Amino acid sequence: MGAYQKIMLENDVFTCFIFYSVLLIIKMYIIAIITGQVRLRKKVFANPEDALRHGGVQYCREDPYVERCRRAHRNDMENIFPFLFLGAVYPLTGPSLAVARVHFLVFFLFRVVHTVAYLCALQAPTRSVAYVIAQVPCVSMAMQVLAAVA
């Protein structure tokens, strides 16, 4: 193992970040798989060549639930990618492991709640509340990073 890799893995905050980041990426893959399965089950394809392979061009169409799955996935990309940047830089500010773990855990848990609320069409404001709560640790990390470099 190289010196740089050893330093990264000896930083408990960074390894905690890696753990939650990988869980978030796996969650995003799961949504992609769910979207694909819903497309197959409902015979709803975005591209004519896929529709032809599964029965004909009439299956090149849209479906409300497929679109819901796609929006959930897109929302993850809009929120998880910034978290990945902030969370990668945040350990450089020297936070305690306990505080960092709370930041990462809260973001992860409420992104999961957000996804469940999206895919299951849970009653409002469940999804919105989950979104806002997940943003709190991101704003906190962003402010701490800005304060450290200002």
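A residue is called buried when its relative accessible area is under 20%, exposed when that area is over 50%, and partly exposed in between, using a 1.4 Å probe and protein chains only. Helices here are DSSP runs of H or I with at least four residues, numbered from the N terminus. The model is predicted, so local features need pLDDT of at least 70 and side-chain atom pairs count only at pLDDT 80 or more, while totals for chains, interfaces and linings use all residues. Residues are numbered from 1 along each chain as its sequence is written, and side-chain values use heavy atoms, with hydrogens and water left out.

I begin with helix α4. This helix covers residues 64–89, 26 residues in total. From first C-alpha to last, α4 reaches 38 Å, close to the 38 Å expected at 1.5 Å a residue; the expected span is 1.5 Å times one less than the number of residues.

Which residues of α4 are buried? They are V66, E67, R68, C69, A72, N75, D76, N79, I80, F83, L86 and G87. An α-helix has 3.6 residues a turn, so residues three or four places apart point the same way. Among the elements covering the buried residues of α4 are α2 (12–42), α5 (97–119) and α6 (126–149).

Next, the interior. A nonpolar core is a set of buried Ala, Val, Leu, Ile, Met, Phe, Trp, Tyr and Cys residues joined through side-chain atoms within 4.5 Å. The largest such core has 18 residues, of which L24, F83, F104, F107 and M141 touch the most other members. Two or more residues each come from α2, α4, α5 and α6, and α2 gives the largest share, seven residues. Contact means heavy atoms within 4.5 Å. Leaving aside neighbours within four places in sequence, F83 is in contact with F17, S21, L24, F104, F107, C138 and M141. Another core, of seven residues, lies apart from the largest one and includes V44, V66, C69 and L119.

Finally, the loops. Most residues other than glycine have a negative phi, and most peptide bonds are trans. In the loop between α2 and α3 (48–53), K43 has a positive phi of about 55°. The loop between α5 and α6 holds A121, whose phi is positive at about 50°, and also P125. The peptide bond from A124 to P125 is cis, with omega near 10°.
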